[in-house]
Amino acid sequence: MLQSIPPRTVHPAIGLVMLVSFFFLGQLAGGFIGLAVSIPLAGGSVVQATNKIMQVLQSQFGGVPNAWLILMVMQAFSSAGGFILAVWAYLFFIEGKRIGSLNTQPKVGVLPVFLILFLGLAFIIFNEWIYQWNRNWDLPDWLAGFENWSRQKEKQLGELTKFLTQFDSLGKMLIGLLVIAVIPAIGEELFFRGVIQSTFLRWTKNAHWAVWITGFLFSFIHFQLDGFVPRMLLGVVFGYLYVWSGNIWYPVWAHFVNNGATVVGVYLSRNWQNTVDLENTEWISVPQGLAALAVSALLLWYLKRVFNNFREPRPTGANP
């Protein structure tokens with residue numbers, strides 16, 4: 001049975017380096033497991049199946065049976081390994097802690113869960129409105145090389161996303177919810193808010209710095225210029241939910257609402273002849289964007305008050 005080291009505080013810089021190392025190791029392990037699971041789906045001998053899977057990973061889907069499912073399986077195991085497994089290994093072997101230690105306030109209330117649901121839906125509208133502005137950015141000439149690379153990357157990711165969101169059945173939509181909403185919500189929140197934000201909080205001694213730096217990194221790691229600002233703002237919202245509540249499951253729930261609503265919305269728009277194209281944000285007007293911002297701000301303000309009332313007093317002598 002694995003025995004963790006005694007709990008200890010690791011220097012923030014060393015901790016971040018170790019976390020990133022576990023991220024790459026976790027992705028590698030998840031990739032190998034995903035490959036093993038996908039081989040029967042691809043068909044043929046092991047070598048033939050492996051070649052087909054490599055073809056799918058290079059966005060060459062033609063002629064490969066079960067290409068969509070293979071990509072989903074690979075994405076699921078890679079994401080789980082790179083984020084969830086990496087966080088568990090980092091906490092267990094480096095800090096001598098359990099994932100449960102990320103919750104300084106274990107109490108979860110029904111009211112915040114419902115408020116976060118409405119917050120997530122309102123913030124989707126506001127953030128998509130911001131996306132309309134963000135995607136029209138023109139960077140300075142000296143960043144032209146980076147801009148061209150980013151736009152090309154955005155195009156490739158857009159094609160991949162379009163392929164992955166071909167939810168022509170309820171079963172595919174449910175698989176999409178698991179791979180696109182559930183696993184990233186748990187993994188990315190444990191990784192970014194649970195470890196990275198907490199590390200920057202110890203480093204800077206300032207919650208606002210920790211939230212905004214982590215929000216920046218959360219958006220940067222996606223390597224998508226068009227959605228950089230809305231994704232950073234989303235990360236900031238998740239960060240404040242964690243700071244105010246002291247419970248990682250609230251930002252996990254908010255992250256799931258954001259991703260899950262998109263998955264369900266795409267499924268409904270493609271299968272129920274919805275008159276609104278959810279993949280095109282031009283339908284969001286200025287009044288709608290401002291209204292969504294006002295609703296989001298009001299809900300955030302109220303959530304902070306609710307979380308303050310939910311906080312349990314610390315035992316005498318406990319660390320602040």
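**Helix packing and buried polar residues**

Colleague: Which residue has a side chain joined to that of Asn 258 by a polar contact of 3.0 Å?
Modeller: This is a predicted model in which local features need pLDDT of at least 70 and side-chain atom pairs pLDDT 80 or more, whereas totals for chains, interfaces and linings use all residues. Residues are numbered from 1 along each chain as its sequence is written, and side-chain values use heavy atoms, without hydrogens or water. A polar contact pairs N or O atoms within 3.5 Å, one able to donate a hydrogen and the other to accept it, and between residues adjacent in sequence both must be side-chain atoms. At 3.0 Å, the side chain of Asn 258 has as its partner that of Asn 259.

Colleague: Is Asn 258 buried or exposed?
Modeller: Asn 258 belongs to helix H9, a helix being a DSSP run (H or I) of at least four residues, numbered from the N terminus. Its relative accessibility is 15%. Buried means under 20% relative accessible area and exposed over 50%, with a 1.4 Å probe and protein chains only. Because its value is 15%, Asn 258 counts as buried.

Colleague: Which helix gives the most to the lining of the largest cavity?
Modeller: A cavity is a set of points on a 1 Å grid where a 1.4 Å probe fits but cannot get out, and lining residues have an atom within 4 Å of a point. The whole structure has two cavities of 30 Å³ or more, and the largest holds about 70 Å³, the space filled by probe spheres on its points. Its lining includes Ile 116, Phe 123, Leu 234 and Asn 258, and the helices giving two or more residues are H4 (110-134), H8 (228-245) and H9 (249-271). With five residues, the most is given by H4.

Colleague: How many helices does the protein have?
Modeller: Of its 320 residues, 45% count as buried. Residues 24 or more positions apart account for 77% of the contacts with a separation of 6 or more. There are zero strands, and the number of helices is ten.

Colleague: What is the relative accessible area of Thr 214?
Modeller: Thr 214 lies in helix H7 (residues 207-220) and, beyond four places in sequence, touches Phe 192, Arg 193, Ile 196, Gln 197 and Phe 200. A polar atom of the Thr 214 side chain lies 2.7 Å from the backbone oxygen of Ala 210. Thr 214 is buried, its relative accessible area being 0%.

Colleague: Which side chain does that of Glu 95 join in a polar contact of 3.3 Å?
Modeller: Glu 95 is in helix H3 (residues 67-95) and is buried, because its relative accessible area is 4%. At 3.3 Å, its side-chain partner is Lys 97.

Conventions:
Contact = heavy atoms within 4.5 Å. 1 Å grid on protein atoms, 1.4 Å probe; cavity = no way out; pocket = protein on both sides within 12 Å on 5 of 7 lines; lining within 4 Å.
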